[in-house]
Amino acid sequence: MIKQKLVLIGNGMAGVRAIEEVLKINPEGFEVTIFGTEPYPNYNRIQLSKVLQGGTSVSDITLNDWEWYQDNMIRFYPGETVTAINTKTQTVSTDKGRTESYDQLIIATGSNPFMLPLPGADKEGVKAFRNIKDCEEMIEYSKRHKKAAVIGGGLLGLEAARGLLNLGMEVDVIHIFDYLMERQLDRTAGKLLQTELEKQGMNFILQKNTAEITGRKHVTGLKFSDGSRIKADLVVMAVGIKPNVALAQEAGIPVNRGILVNDYLETDIPNVFAVGECAEHRGIAYGLVAPLYQQGQVLAKRLCGVQDKGYQGSVLSTQLKVSGVDVFSAGKINEDESTKVYKMYDDWNGTYKKVLIEDGKIAGAVLFGDTKDGNKLFDFIKKGARIEEYLESSQSANSEVNLVASMSDEEIICGCNGVTKGSIVEAIKANGLTTVDQVKGCTNASRSCGGCKSLVSDLLACTLGEHYQADQKEAICGCTTLSREEVLAEIHEKGLTHIREVMNVLEWESDGCSKCKPALNYYLGMINPLKYQDEHEARYVNERMHANIQKDGTYSVVPRMYGGVTTSDDLRKIADVADKYKVGMIKVTGGQRIDLLGVYKEDLPKIWAELDMPSGSAYSKGLRTVKTCVGENFCRFGTQDSIGMGIRLERKFEGLNTPHKVKMAVSACPRNCAESGIKDVGVVGVEGAWEMYVGGNGGTHLREADLLFKFKSGDELVEMIGAFLQYYRESAKYLERTSAWVERLGIDHIRDVLSDELMVKEYNNRIDEALSVVQDPWKEAINNKNLLRDLYQNVKVPVETK
Ligand SMILES: Cc1cc2nc3c(=O)[nH]c(=O)nc-3n(C[C@H](O)[C@H](O)[C@H](O)COP(=O)(O)OP(=O)(O)OC[C@H]3O[C@@H](n4cnc5c(N)ncnc54)[C@H](O)[C@@H]3O)c2cc1C
Ligand code: SF4
């Protein structure tokens, strides 16, 4: 069967959801290509406020990881922007000079934040709140500055303000109206919200019109139309969004506010569709995910030739995601001559409920303080239910579990994804689900804003009765209900030796996923290093290929250079292969290694053979590099032989598998030129001794390492590093960096455990056993004909992930 070429412009929430739906209906029907300006896999934009608040990384909010693209044979070009669409030749071209033809094209370019055209709006320190980059920039600002002003007291503005407060900034929220969120709330709820947020530390400046952003090059404050001023080092504009239509417009595709689409998301141009915030349907360009997901479903059916009545438009509901504040609204929010109101105001508990009734039917609702009824009311509004129905159902629902029990099967639990109570209950029963995460994996409920998690939990309680554990342990993934500890105990107890065996014996609910397979491979190898046969296919793609995949599909090669020291012979060899294989770039890395970038997959084994150097494991969940300063032999401040110690450590621990990557450094004095303070294991030489630091991280979660112990001799130091690494290998979750692990266990606890000499010896025995079977992965690959054939010659899909 010839596959149709389906190209998606925009790797955001709506476009990728449409692709997910297409894959569900006809997984073999299309050759999918996705272009995304942002250099990340598809992530949950709704959860950006969590990223801004700190402590949440891109991977925590990723909806479909790099493996998803690969598993579904999607050609993905992250960080690449489509700059033109030629609807005559049916091609798109990009800022990287690529041209791609399509049979069907989906435009899902989302929106751009609306920036008020104020004098001074181009100054440094004026930001929007739309993507990961915005969050990162604001986080950076918060480290250097103290005062922020957020223009806009709507949903986005308040979430931005909460995030900045969490980052330790003082925050003024400037709003043009006299109460907050006036588009979603009535005055009473808006004022209650203000009081609550003031308690959290937010300051509000209402009924103010910003006239100018002051400062020279950098913002210093705001001036209002009444002449008053405030100071600010950071100004966040959160005043609305504009559908991103420029690309479509230039291609001659009809646009109004958004790209004009009919009920099947078709534009006026054959084979060109638009979905998401960039699309305008019956005069509305939606700005929330629930309608965009509904559009995605309709579009997928249209592309796959499934009959459907088309997209009919959506009624909207809103929830604010600020912790400690529960706000919900849907439908009509302000009363008029045609409405009657059912209102409850509990001053003591700080709750407010207003239901608007038109011709006896529920037409809208505003809830503050207790939003449990939100989805039910939303459902009633959409159905045009009578108020009596709601009041009756409320009386019978006198507890939370009763509330979900009293809901009908058609009622929506997850508003974002349109998942009903009936479909969740069915999935729980059919698949034996017991956790909220499993329900999420199976039905999509709670996968977006997460506001319905407690309802899903109640529904699990109501369906499973006494078998439901509300205080749930963390299952290692959605394929099992077992936690890491339980799986490890079962592997030990039952002597399990293969991934498939673990899944069968422990009754996995599927064939495994990209989360549990690599984790099981690691746990099995860690428990039984001498007998376990590593299952290559279970590893993440970079580890499978023994090289890091770059965004253009080529690879990078980093040979090992112990302690960052090289020789003229090795340099000559590197230069020769670089010339011979026309390597795109030769770069010195932050870990003091040489990186050959832009290598073609089929050249990898030849380069490894010709280099004849061990792999630098720059791709591995294992020991990466030991960075060293020049130390006592060359530096006048040096107190110890840092290079010697670095080489010794790297030779001893190279090739070791660990739960996540491990970086080390050795500096010969506290000036710390090798940056030992931000490494998983950092060593600092002081007069007559070595200090050992652990749990440092110089990446996204910047963390200063903790001093663990100080040793007089290098032998004691190396022994303790062995014990520390083995303790980490045995007790950390797979993909948990030492920084997170040290924080979870506490440095005092780790110190206590490793103060026991017997334990230190035992850990060293076990790590030595693991190290005794380590082989150089490049040599192993070169000598394995099957591996060479499968991985480096006959690879079916061009891999375009990171
Ligand atoms: C902070 C924040 C909080 C939010 N909270 C909620 C909430 O609680 N509930 C809710 O329902 N909604 C919420 N939203 C809105 C929701 O995130 C959006 O409605 C949704 O993400 C829109 O999806 P989309 O795919 O249309 O656009 P996007 O998710 O913006 O995706 C569009 C993507 O296309 C890319 N792109 C644009 N042009 C090109 C090009 N030429 N070539 C390649 N790529 C391109 C963009 O870089 C972007 O990654 C929130 C939004 C933000 C910013
Ligand atoms: S860390 Fe100290 S010894 Fe090492 S290079 Fe820097 S100053 Fe010299």
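Between which two strands does the loop that holds N271 lie? In this predicted model, N271 is found in the loop that runs between β18 (259-261) and β19 (272-274). The backbone there has a phi near 65°, a positive value in a residue other than glycine, and N271 counts as partly exposed, with a relative accessibility of 29%. A positive phi in a residue that is not a glycine is also found at D359, where the angle is about 50°. D359 belongs to the loop between β24 (351-358) and β25 (361-368), and at 71% relative accessibility D359 counts as exposed, since the cut-off for that class is over 50%.

Confidence in the prediction may be considered next. The protein chain has an average pLDDT of 90, and 96% of the residues reach a score of at least 70. Over residues 794-802, however, pLDDT stays under 50, and for this stretch the model has 23 contacts beyond four places in sequence. Where pLDDT is low, the predicted coordinates should not be read in detail.

Aromatic side chains form a number of pairs, the count coming to 16. In one of these pairs, the ring centres of Y345 and Y352 are 6.1 Å apart and the ring planes stand at 80°, so the arrangement is edge-to-face, given that planes over 60 degrees apart are placed in that class. The two partners can also be described by their accessibility: Y345 is partly exposed, with a relative accessible area of 48%, whereas Y352 is buried, with a relative accessible area of 3%. Elsewhere in the chain, ring pairs join F724, Y727, Y728, W741 and Y763 into a cluster.

Charged groups also lie over aromatic rings. R17 is placed over the face of Y293, at 3.8 Å from the ring centre. The ring of F637 has the charged end of R671 over it, at 3.5 Å from the centre of that ring. Both F637 and R671 are among the residues around ligand 2.

G152 occupies the loop between β10 (147-151) and α5 (155-166), and with a relative accessibility of 8% G152 counts as buried, because the class takes in values under 20%. When residues up to four places away in sequence are not counted, G152 touches G157, L158, V173, I174, H175, A238 and V239. The separation of G152 from V126 is 26 residues in sequence and 14 Å in space, taken from C-alpha to C-alpha.

S457, in turn, is part of helix α14, which covers residues 453-464. The relative accessible area of S457 is 18%, and this residue is therefore buried, the limit for that class being 20%. With neighbours within four places in sequence left aside, S457 is in contact with V436 and Y468.

Conventions
Residues are numbered from 1 along each chain as its sequence is written. Chains are lettered from A and ligands numbered from 1 in the order in which they are written. Side-chain values use heavy atoms; hydrogens and water are left out. A residue is near a molecule or strand if one of its heavy atoms lies within 4 Å of it. pLDDT is the predictor's confidence in each residue, from 0 to 100. Contact means heavy atoms within 4.5 Å. Rings of Phe, Tyr and Trp (its six-membered ring) pair if their centres lie within 6.5 Å; planes under 30 degrees apart count as stacked, over 60 as edge-to-face and the rest as tilted. Buried means under 20% relative accessible area, exposed over 50%, partly exposed in between (1.4 Å probe, protein chains only). A charge sits over a ring if NZ of Lys or CZ of Arg is within 6 Å of the ring centre and within 35 degrees of the ring normal. Helices (H or I, at least four residues) and strands (E, at least two) are DSSP runs, numbered from the N terminus.
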